[in-house]
Amino acid sequence: MRKLVTVRKVDAISSIPDADAIECATVEGWTVVVKKNEFSVNDPCVFFEIDSFLPIEDERFAFLAKNKITWQEKEGIRLRTMKLRGQLSQGLILPLTVFPEIMLQIDGAELSDIRDRDFSGLLNIEKWEAPIPACLSGEVHGGFPSFIRKTDQERIQNLPDVWVSELNSLFEVTVKLDGSSMTVFHNDSEIGVCGRNWWLTETPGNSLWKVARASRLIDSLSLLGKNIALQGELIGEGIQGNPEKLTGQAFYLYDIYDIDAQCYLGHHDRHAVVNELRSYGGQLEHVPHVTVDKLTNIGSDLETLLAIADGPSLNPKTRREGLVFKEVNGRLSFKVISNYYLLKHSYK
């Protein structure tokens with residue numbers, strides 16, 4: 001799960017041309033525009049990642065009130081990618097001293113020891129998500145199944161150690177499609193279909209169930225008999241503006257979760273299961289592949305990966321959302337979202 005609010009340190013400060021009141025702070029892989037002289041290198045800070053929804057009633061965020069929105073009947077500020085004086089800014093950093101409740105919890109701990117702690121709950125910060133189209137909502141059977149892991153890839157900007165430990169690892173690179181998360185599972189003879197957050201009851205108007213039936217995912221999973229979850233992206237008409245310009249809707253697989261082993265299948269095992277499902281009549285499409293190669297051959301620094309994240313999507317006339325990198329053994333995965341995409345699409 002994404003960690004929206006973390007304690008980090010400022011790695012670098014740089015000037016912005018023709019800007020007297022602001023400058024750029026670098027925090028690991030992120031660049032954030034800040035007030036001039038507010039931070040120095042190595043200062044501890046509280047970092048709020050893009051898509052954080054900040055409560056307007058917290059006076060510490062009052063300086064952002066002009067950007068307030070209403071989301072899920074609440075007023076607040078949604079952090080998103082923007083450019084200020086030509087400088088890319090992603091997220092928000094504030095001095096650690098502004099948040100005594102966090103300081104009390106960390107009690108003088110080393111930054112390296114608390115790097116992975118998420119303080120969003122403590123500050124009442126939520127993850128902003130786009131409204132769900134009516135065709136994807138519906139009657140809820142229950143919460144997302146506890147025996148399946150939700151898909152929420154970490155962003156490359158939050159993984160500085162990748163450049164140290166993983167450059168010689170073999171990665172499968174696929175296109176990240178802009179749609180809605182969908183899971184279809186078989187578990188001890190029970191079949192289920194889920195959106196991002198809910199296990200859904202089959203109803204006539206629900207697109208996820210209709211596509212699962214039409215693609216024979218339900219039948220092929222039952223015939224295969226393995227306890228697995230197919231996870232992918234539902235794209236097409238009525239979803240995120242249909243950037244791929246599809247007629248109708250379609251499911252594109254990107255992961256298979258082994259429910260019994262409680263892990264994701266690696267590259268080779270996933271494709272073997274896809275072939276088995278197809279032999280049982282499953283009409284299963286995989287998200288587009290870009291390459292399988294060592295990370296060092298693909299891009300050995302953040303700037304290179306961000307550059308190649310922007311490119312053609314499933315529809316060659318559409319610029320993609322980004323790329324997903326998975327080690328072929330299934331151990332590590334992350335996403336690289338195109339900055340062009342983030343700047344263009346205000347709903348993401």
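The following legends describe an overall view and several close-up views of a predicted model. Residues are numbered from 1 along each chain as its sequence is written. Local features need pLDDT of at least 70 and side-chain atom pairs count only at pLDDT 80 or more, whereas totals for chains, interfaces and linings use all residues; side-chain values use heavy atoms, with hydrogens and water left out.

**Figure 1. Overall view of the protein chain.** The secondary structure comprises nine helices and 24 strands, where helices (H or I, at least four residues) and strands (E, at least two) are DSSP runs numbered from the N terminus. The radius of gyration is 21 Å, close to the 20 Å that the globule rule gives for 348 residues, so the chain is as compact as a globular protein of that length. This radius is taken over C-alpha atoms, and the globule rule is 2.2 Å times the number of residues to the power 0.38. Along the principal axes, the C-alpha atoms fill a box of roughly 65 × 45 × 45 Å. Buried residues account for 50% of the 348 residues; buried means under 20% relative accessible area, exposed over 50%, and partly exposed in between (1.4 Å probe, protein chains only). Among contacts (heavy atoms within 4.5 Å) between residues at least 6 apart in sequence, 69% join residues at least 24 apart.

**Figure 2. Open sheet of three strands.** The strand order is S1-S5-S11, with antiparallel pairing; two strands pair if DSSP finds at least two bridges between them. Strands S1 (5-9) and S11 (92-95) form the edges, each pairing on one side only. From one strand to the next, the twist averages 35°, with axes as lines fitted to C-alpha atoms and angles from 0 to 180 degrees between N-to-C directions. Five bridges join S1 to strand S5 (residues 44-48), and valine 5 has phenylalanine 48 of S5 as its bridge partner.

**Figure 3. Loop holding proline 17.** Proline 17 is found in the loop between strand S2 (12-15) and strand S3 (22-27). Its relative accessible area of 64% places proline 17 in the exposed class. The C-alpha atoms of proline 17 and asparagine 197 are separated by 44 Å, the two residues being 180 apart along the chain.

**Figure 4. Salt bridge between aspartate 51 and arginine 155.** The structure holds 22 salt bridges, each defined as a side-chain nitrogen of Lys or Arg within 4 Å of a carboxyl oxygen of Asp or Glu. In the pair of aspartate 51 and arginine 155, the closest N and O atoms are 3.8 Å apart. Aspartate 51 lies in the loop between S5 and strand S6 (52-55), and arginine 155 in the loop between strand S13 (140-143) and helix H3 (162-165), so the pair ties together parts that are 104 residues apart in sequence. Both aspartate 51 and arginine 155 are buried.

**Figure 5. Salt bridge between glutamate 276 and lysine 226.** The closest N and O atoms of this pair are 3.0 Å apart. Glutamate 276 is partly exposed at 30% relative accessible area, and lysine 226 is partly exposed at 36%.

**Figure 6. Salt bridge between glutamate 327 and arginine 331.** Here the closest N and O atoms are 3.0 Å apart. Glutamate 327 is buried, with a relative accessible area of 5%, whereas arginine 331 is exposed at 53%.
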